[in-house]
Amino acid sequence: MGPEDKALVAQTLAGDRASFGTLVERYAGQARRVARAVLGDPDDADDAAQDGFLSALVKLGQYDTRRPFGPWLMRIVANAATDRRRRRNVRRAEPLDTSLVGGGPRPDTMAVRSELNDRLRAALAELPERRRKAVVLFDVEGYSHAEIAGMLGIPEGTVRSEVFHARRRLRTLLADWKEPMR
Amino acid sequence: MNESPSFDHRPDPELGAALRAALEPKDNQAAFVARVMAQYDAALERSSVAMFDVLASWFRPGMVAAAAALVVGFLFGRTVLNNRTESIDAALAPIEGPGLAALVTAQDPPDPSVVFTSLVEPQ
């Protein structure tokens, strides 16, 4: 994946539209999820992810091809999401519903999974932004602590701490919901 | 649910899958890709138009400067070739005589031979 990314980057820099398209296809899912972890709202997240891709295109000449492309791109996407969140500071992308985060009634229906997703998103929204980014980049996208440290511009130990605290909160929620699903 | 130690170095697949499901966009990925590529095309077009505008803005002053350089070069070269000792100021000084008068008072467009005669005549 690495060398191929580098080849695609080189071809994009040479003006090959299709190569840029391949990079977008390859990282679209990841970029949208990371942006959504920051912003909550899916439309806002897509705007931010798009901003991230176009910003990366502009900065592509600065990309160090000795390093993996994914973390470099995700750093730009995460920053784009943060910028968008700051610009829209007046509202939370996804209003926090405390009844969702807390232990509300457990519906014994097929909508349990959907309800769990809602609660997970609400719980994520409750976390500090950096913690949210750290846990999603680590547990969902599979980046290493060192890579996340580079993306977020914080020490590796801080990343571990952020992931730990985020997990503690989210695992409690998840465990709470596993019982009725059995 | 795994009770992982505080600072587990490994991703938690269960939590990761749950979070992924919660964050996964509902719509088709292709629509998003198409949207980004449309922005790519638009940005490319904007940059092309901007470059054309810049070139166009350079064109007119560039032509004027080139014409001026040609005139000055012609006068300077002529002065050097004729081994004249007059200064360039003299070469560029207002030209007097019948050629100039004819050029200024003529009703019809100037005859190039009159213009060049006025320039070539010894001062």
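## Two phenylalanines

Are Phe53(A) and Phe32(B) buried or exposed? Phe53(A) is buried, and Phe32(B) is buried too. Here buried means under 20% relative accessible area, exposed means over 50%, and partly exposed lies in between (1.4 Å probe, protein chains only).

This is a predicted model, in which local features need pLDDT of at least 70, side-chain atom pairs count only at pLDDT 80 or more, and totals for chains, interfaces and linings use all residues. Residues are numbered from 1 along each chain as its sequence is written, chains are lettered from A and ligands numbered from 1 in the order in which they are written, and side-chain values use heavy atoms, with hydrogens and water left out.

## Aromatic pairs

A pair of aromatic rings is described by the distance of the centres and the angle of the planes. Rings of Phe, Tyr and Trp (its six-membered ring) pair if their centres lie within 6.5 Å. Planes under 30 degrees apart count as stacked, over 60 as edge-to-face, and the rest as tilted. Over all chains, the structure holds 6 aromatic pairs.

One of them is Phe53(A) with Phe32(B): the centres are 6.2 Å apart and the planes meet at 55°, so this pair is tilted. Phe53(A) sits in helix 3 (residues 42-59) of chain A, while Phe32(B) sits in helix 2 (residues 29-81) of chain B, so the pair joins two chains. Tyr63(A) and Trp72(A) also form a tilted pair, because their ring centres are 5.2 Å apart and their planes stand at 50°. Tyr63(A) counts as buried, at 7% relative accessibility. Ring pairs also link Tyr27(A), Tyr63(A), Phe69(A) and Trp72(A) into a cluster.

## Helix 2 of chain A

Helices (H or I, at least four residues) and strands (E, at least two) are DSSP runs, numbered from the N terminus. Helix 2 of chain A covers residues 17-39, which is 23 residues. Its end C-alpha atoms are only 29 Å apart, short of the 33 Å that a straight helix would reach. That expected span is 1.5 Å times one less than the number of residues. The helix has a kink of about 50°, centred on Tyr27(A). The bend at a residue is the angle between axes fitted to the seven residues ending there and the seven starting there.

After the helix comes Gly40(A), with a positive phi near 85°.

## The start of the helix

Asp16(A) caps the N-terminal end of helix 2 of chain A, with a side-chain oxygen 3.3 Å from the backbone nitrogen of Ala18(A). Ser19(A) belongs to this helix. It counts as buried, at 4% relative accessibility.

The side chain of Ser19(A) makes a polar contact of 2.6 Å with that of Asp16(A), and another of 2.9 Å with that of Gln11(A). A polar contact is a pair of N or O atoms within 3.5 Å; within protein, one must be able to donate a hydrogen and the other to accept it, and residues adjacent in sequence count only if both atoms are side-chain atoms.

## The nonpolar core

A nonpolar core is a set of buried Ala, Val, Leu, Ile, Met, Phe, Trp, Tyr and Cys residues joined through side-chain atoms within 4.5 Å. The largest one has 61 residues. Those with the most contacts inside it include Phe53(A), Phe69(A) and Met74(A). Helix 2 of chain A gives the most to this core, with 11 residues.
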